[in-house]
Every structure is written in structure tokens, then in C-alpha cells.
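Here are my notes on the model you asked me to look over. Keep the structure open while you read, and jump to each spot as it comes up.

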Amino acid sequence: MSKRLYPHKRVRYWYAYDIDDICALFADFGLHPQTIRKWIKNGLKTIDAGKPALVYGYDLIAYLKKNNTSNKCKTAFDQMYCMGCQDARHIFRNKIAAEQTSQFLKVQGVCRECKKTMFKSYKLADFPALRNKFVLVGVSELYDFEVPTDKTHIQAQEQNATSESMQGELF
Ligand SMILES: [Zn+2]
């Protein structure tokens, strides 16, 4: 099952929502009442046991935040979540392309199993560790599947060093 990230910024802190209200809030995600009942089972707090169930905005915000974080934690450091495989996957040839935003690193790689593009956000402070673990390349180089795979670790390191100077201006 793919898990979606529902932007909690839409939720008003002091409002009380019933299940239909929450669906309306995330109508563009096609959020289904059944999903919200599942959230309630999974720990989303309701105001009381009354029917229809009412949820405070701040409880909903807390739940969505927690849910979003636990989704992110499911992949190991050197893995990303593949939408194709619907699971955590290693990165094809350990090649990643990184882009820096003001808050985090937007990293993409290719799934080793199904060759779909995967994305993951890393903290800016993770950059040295990423550089150790992966080969940094430009986005277009992620997809050169034709190149033979017999690259040794040493060669990968050399390439790493080259990319490092290329990435220098980025960071
Ligand atoms: Zn995959």
C-alpha cells in the first residue's frame, strides 16, 4: 500500500472536524472516510466516543505529522522508497543526484529492481555521509543503463572525487 502525505498545514488548529470535514479537506487526494476510520484505530484522537466522531484540528495535525515522519523512517539511510516496488529499495549503481534547497537535500536515484526514479529528502548535514555512501552524478547520468556494471570500488571513488569538484559550487 502506498502511503500518502497529507499536508497538515491545511488543518486549522482550533477547529473540530467530523470525518466528512476531513475528507473535504483532502478532497484532491481522494481521501476516503474508511482511511480516517483507520487513522482513528491507529491512534488519531477523537473528542469523545460519540458518533459521528469529531477530531480536534490539533490532534489531526499531530497525527499527520507523526504519520509523515514514520513513513520517512521506513527506509535505511542508503535506501529510498520506490513507488514502483512500493517498498524500500537500494539505489541502482549507487548513483545519486542531489539538489540543495534551503532546508534539505533533494536526492534522486534509480531503483535497483524496477529502474523507476526514487526521491528522498536528506538533511543538509547528511551530505558528507551521502558522499561516502554514493556516487554523486548529474541527473542525466542516473539513467545510462547501457554502461557495463563492472565498476570497481576504487573507480567509483575516483568518480566520486570528480563529482565532488563538480558539485562544489552547489554546496
Ligand atoms: Zn522499484
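1. Start with alanine 97, which stands opposite glutamine 108 in β5. Strands here are DSSP runs of E with at least two residues, helices are runs of H or I with at least four residues, and both are numbered from the N terminus. β4 and β5 run antiparallel and are joined by 6 bridges; two strands are said to pair if DSSP finds at least two bridges between them. Another pair to look for is isoleucine 91, whose bridge partner in β5 is cysteine 111. The hairpin that connects β4 to β5 does it through 3 residues.

2. A word on what you're looking at. This is a predicted model, where local features need pLDDT of at least 70, side-chain atom pairs count only at pLDDT 80 or more, and totals for chains, interfaces and linings use all residues. Residues are numbered from 1 along each chain as its sequence is written. The pLDDT is the predictor's confidence in each residue, from 0 to 100. For the protein chain the mean pLDDT is 83, with 79% of its residues at 70 or more. Be careful with residues 162-171, where the pLDDT is below 50; beyond near neighbours in sequence, that stretch has 9 contacts in the model.

3. Now the overall layout. The protein chain has 5 helices and 7 strands, and from the N terminus on they run β-α-α-β-α-β-β-β-β-α-β-α. Two residues are in contact if their C-beta atoms, placed from the backbone, lie within 7 Å. Take the contacts with a separation of 6 or more: residues 24 or more positions apart account for 53% of them.

4. Back to the strands. β5 also pairs with β6 (residues 117-123), in the antiparallel sense and over 7 bridges. One of the bridges to find is from phenylalanine 104 to lysine 123 in β6. The β5 and β6 hairpin has 5 residues between the strands, and lysine 115 in this hairpin takes a positive phi near 65°.

5. On to β3 and β4. They pair in the antiparallel sense over 4 bridges, and methionine 80 stands opposite arginine 89 in β4. Their hairpin has 4 residues between the strands, with glutamine 86 in the turn. Glutamine 86 has a positive phi of about 55° although it is not a glycine. Is glutamine 86 buried or exposed? It is exposed, with 11 other C-beta atoms within 10 Å. The cut-offs are these: 20 or more other C-beta atoms within 10 Å of a residue's own makes it buried, 12 or fewer makes it exposed, anything in between is partly exposed, and C-beta atoms are placed from the backbone.

6. Asparagine 94 lies in strand β4 and has a positive phi of about 60° although it is not a glycine. Asparagine 94 counts as partly exposed because it has 17 C-beta neighbours inside 10 Å.

7. Look at lysine 95, also found in strand β4. Why does lysine 95 count as buried? Because 22 other C-beta atoms lie within 10 Å. Leaving out residues up to four places away in sequence, lysine 95 touches Gly109, Phe134, Val135, Val137, Glu141 and Leu142. Lysine 95 and phenylalanine 134 are 39 residues apart along the chain, yet their C-alpha atoms are separated by 5.8 Å.

8. Which way do β4 and β7 pair? They pair in the parallel sense, over 2 bridges. Isoleucine 96 has leucine 136 as its bridge partner in β7.

9. Finally, the inside. Buried residues make up 20% of the 171 residues in the protein chain. A nonpolar core is a set of buried Ala, Val, Leu, Ile, Met, Phe, Trp, Tyr and Cys residues joined through C-beta atoms within 7 Å. The largest nonpolar core has 16 residues, and those with the most contacts inside it are Ile91, Ile96, Ala98, Cys111, Phe134 and Leu136. Two or more residues each come from β3 (79-82), β4 (87-100), β5 (104-111) and β7 (135-136), and β4 gives the largest share, 5 residues. A second, separate core of 13 residues includes Val11, Ile22, Leu44 and Tyr63.
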